[in-house]
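My entries follow in the order in which I made them.

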Amino acid sequence: MSPPTALLVDDEPQLTASLRQALVARWHELEVVGEAQDGATALELCARHHPDVVFLDVQMPGMSGLEVARQLAGSCHVVFVTAYEQYALQAFEHAAVDYLLKPVEESRLAATVERLRAHLSAPPPDLSSVVEALARRLRPTAAHLEWLQVQDRQDVVLLPVEDVDLFQAADKYTLALSGANEWVIRTPLKELEAQLDPARFWRVHRNAIVRVAAVARVRRTLSGQLQIQLRRGDRIVPVSRAYSHLFKTM
Amino acid sequence: MGRARLREELLRRAEDARHLAEAELKLLQAQIEPHFLFNTLSNILQLIHTDPPGAHRMLMNLTNYLRGSLRRTRAGATTVVEELDLVRAYLDIQAMRMGGRLSYRIACAPDLRYTPLPPLLVQPLVENAIRHGLEPLPAGGEVAVSVSREGDALVLEVIDNGLGIDPHRPPGVGLSNVRDRVEAISQGRGSVVLRANAPTGVCVRISLPLGSGPRQAERPAEAQV
């Protein structure tokens, strides 16, 4: 029988070195076939060497350990290694997923090695549901636009949308009002509207989108039109009839 | 008319004070990132065997980092040099952890070293530069921190040549916190501006009116930078 093989994955070189030493010391026949410092390399090495077990750091820049595990899709045994993962640990315990805490304790590693020795010939357990759930939790799909790039003379200023009180259409451009500052954005209002979080930004007029939290009060004029007063500055924003239902409860 | 304006002004001040208190509370909670702490300890445990002087240096840096962080949550105001010492300890640890992928520079105009500075304004920006800008890059990069004077303003800059800002990632607690506190401390006269760095990365620039904060700290007799 060929010796068992392992791949070690951690973005910090000192830590793969340390794990290699500790593993080899208590599992003499284990052959470490490679070390990777990022997820893409880890997948590549897995495809080349088909290790029996992968020790996988959970929190790596770029592709996380969970993402790597997802893509490995049960092709080998996985032991997660983590410094601190509030949510992951509970889930790992619950789903009986093998994991090590950094710094790795001798006794804990010994127990892991024992378990792996006993189960290595069996097919790897199915981790897909727990990995899927955690991957979603650790990296929520951020669908909305959060930063604007605005030209300021020769510079590009990065402006959080959270800072913008009002977007106002102006020809092909859009004006973004942020407190006392006004910026020009090269994206038409309609395009912006599609990218902004509809829970935080409301279209109130054909040519205006307001940040809901930036609204100080809404008033009704004598002619029955609704007008928004912003918290910062003294800009008044008319609400067109088509959107007045948004403020019914305010 | 005058009374209404006075009331508005008082309300505004009360609001400012509330924001500052909230921001400081959040700062306390976000103090030391556990992932950073435990990974650093793991590194030290390995270096004890392979590179004892390196282990010693990393442990000293971690000690200074922890001492600096804890002291600042209690002290209201610190100085520029204290903030930069904390930043240096942090960056030195990160440079060792990242195995040569990170380089850094810290520059400060000599006459600004003992200028009072609210704690942890620069540190969270440096952490962001590492975490979001440079750590994800296999080739790594550089962080440059500088403190200078421009007219009547104290200017703090953190520049990295990393990945840049993901337009779909909401600003994190660290940055929001810095912005809230700069706004509250300077009563709207300061600013936090982010720019795209050329050719890559992010430049964050904090501007604070000089002399608006607490009184100038006494210069310690035997202080060192």
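Before counting, I noted that two strands pair if DSSP finds at least two bridges between them. I also noted that helices (H or I, at least four residues) and strands (E, at least two) are DSSP runs numbered from the N terminus.

Ground rules. This is a predicted model, where local features need pLDDT of at least 70, side-chain atom pairs count only at pLDDT 80 or more, and totals for chains, interfaces and linings use all residues. Residues are numbered from 1 along each chain as its sequence is written, chains are lettered from A and ligands numbered from 1 in the order in which they are written, and side-chain values use heavy atoms, with hydrogens and water left out.

Entry 1, a hairpin in chain B. I found that β6(B) pairs with strand β7 (residues 202–209) of chain B through 6 bridges, in the antiparallel sense. B:Val202 in β7(B) stands opposite B:Ala196. The hairpin has 5 residues between its strands, and B:Gly201 takes a positive phi near 100 degrees there.

Which strand of chain A pairs with β6 of chain B? I found strand β7 (residues 155–160) of chain A, antiparallel to β6 (residues 191–196) of chain B over 2 bridges. A:Leu158 has B:Leu194 in β6(B) as its bridge partner.

Entry 3, a sheet in chain A. I traced 3 strands in the order β13-β14-β15 (chain A), an open sheet with antiparallel pairing. Its edge strands, β13 (215–220) and β15 (236–239) of chain A, each pair on one side only. Neighbouring strands are turned by 25 degrees against each other on average, direction ignored; the axes are lines fitted to C-alpha atoms, for helices over the stretch in contact, and angles run from 0 to 180 degrees between N-to-C directions. Between β13(A) and strand β14 (residues 226–230) of chain A I read 5 bridges. A:Val218 has A:Ile228 in β14(A) as its bridge partner.

pLDDT is the predictor's confidence in each residue, from 0 to 100. Chain A has a mean pLDDT of 89, with 97% of its residues at 70 or more.
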